[in-house]
Amino acid sequence: MSDSSQSLTLLAPVAGVVVPLAAVPDPVFADQALGEGIALDPLGECLHAPCDGEVVQCARTHHALTLKTEAGVELLLHLGLDTVELQGRGIEPLVAVGDRVRAGDPLCRFDADALARGASALITPLVITEAAGWRLREPILTAGARVALGEPLLVLEAAGTESHETLADGPEAERHLSLALAAGLHARPAARLRAIAREHGVGLAVHHKEASASVESVSALMNLGLTEGAALRVIARGDNAEAALDAAEALLTTPEAEAHAAPQAASSEALEELAEGELAGLVASPGLALGPLMHYRPPLPAVPYDGAGEAVEAPRLSEALARVGEALARDEAAATRGGQTAEAEIFAAHGAWLADPDLAAAAGERIRAGRGAGQAWREALDAEAERLAATGNALLAARVADLRDLQRRVMAELSEAAEPALPDFPEGALLVAEELTPSELVAVAARRPAGLCLAGGGTTSHVAILARARGLPCLVAMGPALPAAVDNAPGADAILDAERGRLMVAPGEARVVEVTARLEARRREAEAARAAAFEAAITRDGREVEVCANIGGAEEARLAAEAGADGVGLLRSEFLFLERDSAPDETTQRDEYQAALAALGGKPVIIRTLDIGADKQLPYLRLPAVPNPALGVRGARLWASHPELLETQLRALLGVTPLDALHIMLPMVSEAGELRQVRQRLEAIASELGLSARPRLGAMIEVPSAALCAASLAAEADFLSIGTNDLTQYTLAMDREDPALTARADVLHPAVLRLIQATVAGAKGRCPVGVCGAAAGDDLAAPLLVALGVDELSVEPARVPAVKAALRRLDAAALAAELPELLALDDACAVRERLTAWLDRTDDTTTTTTTTLERC
């Protein structure tokens, strides 16, 4: 960007064809609600910085980001239209909030074909959202002109500082109109109204019946609860009142081109099958449950009801708001550094709402009425939440949870009491929440709920892993419709089918009877399995298979021991490194590892060294931004750049006893040399410490190269363990967390099965092979893995008894005879169908495998 005292030049962020902003087929941009600018129909597949600046905002879904120049100008780059609904698919961010960039630096890569299929258009607006005393000259290029990457595109010139304060003086004008927006006056058009007022330098207010709201407060506008067809009176005051009203009328009386609903949690095919009263989600922990719906809300901190007067309480509230605002900004920055863009965007949104002047004014009124600062804030947000919920608008009602979070955070700043206890809920309830922290999940699970439904979250989140470890059925990513649906039927019985990914909010009597019978049958099966859990799992043809547990730490090691696990097949040591400001020291790590070994009483415990990268990031270990993190520095590759982390972890591991029960496993190994280097370092440290015993050292098989070279790895390793989640992802080139690909990223694809077969064949006679991925606990995949020759399965602790029971019913040799035909099939669905039919023929007691066909 050219930067002189008089002009700023913005460069084309991508090669493309010029589209005037007014011609963009989205009223938010065409009406300049966000500001002036231009758009490009891109011819490349990478967006670059149009100027020097700092990245101050990155959308959770990667489709938009904002740069701020030293002069204070803020520029929004919005990749495509309606791309928010793609949830980041096809877009690879290359920068994060806080990064400083130079003109021409790459900002994000994108798959133009994928975006073209999923978005309404690839047209990419460049909008000046904050002019900071500059104004836009006429565009350099005309509509339809072709521009090269880095070519001058727009020029701004100094125009004196502008103010966003609304004007109280000047002529007044008004319009009567009927609201034509299908979703009502929600946040999106409310923000555009505010932009119209600022653009025209007028005061603008919306009146409905006896209520009114200034457009400067988005909350006040939403609180009007205006729905389609509502009669409005819009009043503008200022020299440009009529022009502002023209724009406001066009906005409010023109139906939105698209219903910008929140993205659905399930695939489009699954959504077509939703019955009335059903909500869809992603299965984080499988199972079936029946119970009363309860909305889980942590209790509010205790605050004084009465205040010491406005002179004391008003400053206390202001200081608390400032502290929470600073904390939200820190949380946003930390989440961004850790690659947690969804969390970062939530923190940013909460920070914006915290600054809403109407909320502070409402609390101020209550302080003047004698309330303490914390109580005043509580009442103000209670009233706000009630108004939003009463609108009947699902989009507005879904924001109540955000208000509750802000309510709790500010009250905590004003409370001197200890942390409040968990809210009461009956055993066997189905809990519904926006999100849970891992510590909340542990505390909640102790109260024995029947299941969990979360509006947010992901299937590989810590909460999901903890739920699976406890056998607690759980759906995640259910979206904003979930809280509203539950609030409409509090305490009513519902069915959580965490096998099909469904919550049935108001099931019929026949359905309840059916599910009750299924649950009773499963209860009897589970009791029988638990009774035999400590016995060996020996197949009908005489093969003994170890069934171990996947755990996150010492607490789950105790669960594994109680469940009858033959050992630990995977301890995810990264749990020790996450959710802290710095890496755990040697003592902290050693104590946790020792507690896990002690819980298993001498049985083997496999501890995976730190597996960070791709979807898991550490705030204190900033890895460089790369085009594709899943193919970048992660797992074993981390040690070359951060050897101190491995050094500390190896010393901590070598400090436990007995060492013959400890097995160390290296993740993301692609060749034998990586394992050999770690073994050499392990030997050196052990010799330095004067140790005579050595732990076993193994490698994870997660990438095709490791599977194909299993023989050379087995010559170096004491054991191999197949991580089926990543092996499936890398073999099929399908992101396992992409909802559109979830059903197709299937371990039973013949290509994945052949790699597992190659691993077993390569290791035969050299070292044992286990499986620690999700497939080990799958009703269909587990028998097939044993038939392929796998020696050990590692599953979530709660699954150990059931997996052992299933293996005792298996004739592994007979299933192995079917392998040539199974591996010759076309796809995973064909394998599932053939395998289900075979298992049903050979085991009349099978009751659970048929449900897995629904994936196909």
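1. Val 55 has Leu 67 in S6 as its bridge partner. The strands concerned, S5 (residues 53-58) and S6 (residues 64-68), pair in the antiparallel sense over four bridges. Strands here are DSSP runs of E of at least two residues, helices are runs of H or I of at least four residues, and both are numbered from the N terminus; two strands pair if DSSP finds at least two bridges between them.

2. The model is a predicted one, in which local features need pLDDT of at least 70 and side-chain atom pairs count only at pLDDT 80 or more, while totals for chains, interfaces and linings use all residues. Residues are numbered from 1 along each chain as its sequence is written, and side-chain values use heavy atoms, with hydrogens and water left out.

3. S5 and S6 belong to an open sheet of eight strands with antiparallel pairing, in the order S9-S5-S6-S7-S11-S3-S2-S13. The edges are held by strand S9 (100-101) and strand S13 (146-147); each has a single partner strand, so one side of each lacks a neighbour in the sheet.

4. A further open sheet has three strands, ordered S4-S10-S8 and paired in the antiparallel sense. Strand S4 (46-48) and strand S8 (91-93) are its edge strands, each pairing on one side only. The twist from one strand to the next averages 20°, taken between axes that are lines fitted to C-alpha atoms (for helices over the stretch in contact), with angles from 0 to 180 degrees between N-to-C directions. Three antiparallel bridges connect S8 with strand S10 (residues 106-110), and Ile 91 has Phe 110 in S10 as its bridge partner.

5. Strand S25 (residues 493-497) has four of its five residues buried, so it is largely enclosed by the rest of the structure. Buried means under 20% relative accessible area, exposed over 50%, and partly exposed in between (1.4 Å probe, protein chains only). S25 pairs with strand S21 (residues 288-295) in the antiparallel sense over five bridges, with Leu 288 opposite Asp 497. S25 is also joined to strand S26 (residues 502-504) by three bridges, again antiparallel, and Ile 495 stands opposite Met 504. S25 and S26 form a hairpin with four residues between them, and Gly 501 in the turn has a positive phi of about 75°.

6. The largest nonpolar core has 100 residues, and those with the most contacts inside it are Leu 720, Leu 748, Leu 784, Leu 793 and Leu 807. Apart from it lies another core, of 41 residues, including Ile 38, Cys 58, Val 101 and Val 147. A nonpolar core is a set of buried Ala, Val, Leu, Ile, Met, Phe, Trp, Tyr and Cys residues joined through side-chain atoms within 4.5 Å.

7. Thr 759 lies in helix H26 (residues 750-763) and counts as buried, at 0% relative accessibility. Leaving out residues up to four places away in sequence, Thr 759 is in contact (heavy atoms within 4.5 Å) with Ile 701, Ala 707, Ala 710, Leu 720, Ile 722 and Val 769.

8. Glu 527, in helix H16 (residues 509-531), is partly exposed, with a relative accessible area of 40%. Its C-alpha atom is separated by 9.5 Å from that of Ala 802, 275 residues apart along the chain.

9. Arg 447 lies over the face of Phe 425, at 5.7 Å from the ring centre; the criterion is NZ of Lys or CZ of Arg within 6 Å of the ring centre and within 35 degrees of the ring normal.
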